[in-house]
Amino acid sequence: MIVSGALALQLVAALLVGLGGIVVYSSGSALLADATAGAQRARVFGQQVALGTIAAFASAYAAGLLADPIARALGVAPSSLLVVRVLVALGGAVAAASALPILFVRAVPVRAGEQETPLRRGLLLRFAAVEAIFGFGAGSFIPFVNLFLADRFGLPFAGIGLSLGAIAVGGSLGALLHGIHLAPRLGELRSAVLVQLLSVPFAVLAGVAPFAALVVASLAVRAGLMYGSTSTYRSFQLSSFRPAERAGVSAVLSIAWSATSALGSISSGALRTRLGDAGWSLNVGTLAVAYVAAALLALAFFARHEPRGDVADVDVAAAPHSVP
């Protein structure tokens, strides 16, 4: 992706990055779920998301600060494609280095055993349907926030980096607070759905606000709500499956989200090409409709469902209080 300007090679490289990302995400999520007790899982997932978003803040802010000195060193404009490639290369080096501490993580013993196939398949299909709708909505706008800020408000690299950092900080605070305060009081599913729905007005406001500061503030609140719900909902999902199933389940759900996110990104790009700046408003509208639909569908599917994946010796399908 860094050295080639050919579209076909760019697509192949992006495919490989995506494949690697799904392996890392699914394995890491399963490992974290196996290493935590069910009652504490939402809080621990929130801490994981918070650490990741704080790192995102640091990286976005650093990228914005580094753009000008890198451009001067190379003798090009800060907006040059060469500067972007150097920044991506630096990010890739940091990502590669993150493999080193993982080598020192002890493997968690995983109990054998799976849930009955009809139950497991039914749960997985329902969770995947919700993930697919969320993915389409997110893909319609979230990957392009930096372009949105540049196109609509003309922000420079440094301003975009600071804005993305502020949004990431909002996400990290939401992830921490949701797992500590909301999930224990309202339950994992209801607390997740509540903040997912509450995030929609802030996304809509970001799409129509006339000032960059208001847009960034709205997106930061939206990120806080959605990142909080994401960590808790992920805990709810993985707690519904046995330890031996979690890595595979996480991978399938990641693929369901990523595939529709790609479709959302393609369609949103086509809209902006056709409609210009008005396309951004439609992109945000697509996100809002998809988020509302996915949140309500999750509530309809799982309102009476109690995760029982941690109970290895209980027949989940026969449990009278568990409705898949």
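Buried means under 20% relative accessible area, exposed over 50%, and partly exposed in between, using a 1.4 Å probe and protein chains only. Welcome to a quick tour of a predicted model, where local features need pLDDT of at least 70, side-chain atom pairs count only at pLDDT 80 or more, and totals for chains, interfaces and linings use all residues. Residues are numbered from 1 along each chain as its sequence is written, and side-chain values use heavy atoms, with hydrogens and water left out.

**Salt bridges**

- The model has 3 salt bridges, each being a side-chain nitrogen of Lys or Arg within 4 Å of a carboxyl oxygen of Asp or Glu.
- Arg 120 and Glu 245 pair up at 3.5 Å, N to O; Arg 120 lies in helix α5 (residues 117-139) and Glu 245 in helix α10 (residues 243-275), so this pair ties together parts 125 residues apart in sequence.
- Helices here are DSSP runs (H or I, at least four residues), numbered from the N terminus.
- Both Arg 120 and Glu 245 are buried.
- Arg 152 meets Asp 277 at 3.0 Å, N to O, linking helix α6 (residues 145-153) with the loop between α10 and α11 (278-302).
- Arg 152 is partly exposed at 22% relative accessible area, and Asp 277 is partly exposed at 42%.
- Arg 308 and Glu 306 form a salt bridge at 3.8 Å, N to O; Arg 308 is buried at 17% relative accessibility, while Glu 306 is partly exposed at 32%.

**Helix α3**

- Val 84 lies in helix α3.
- With 33% relative accessibility, Val 84 counts as partly exposed.

Technical notes
Helices (H or I, at least four residues) and strands (E, at least two) are DSSP runs, numbered from the N terminus.
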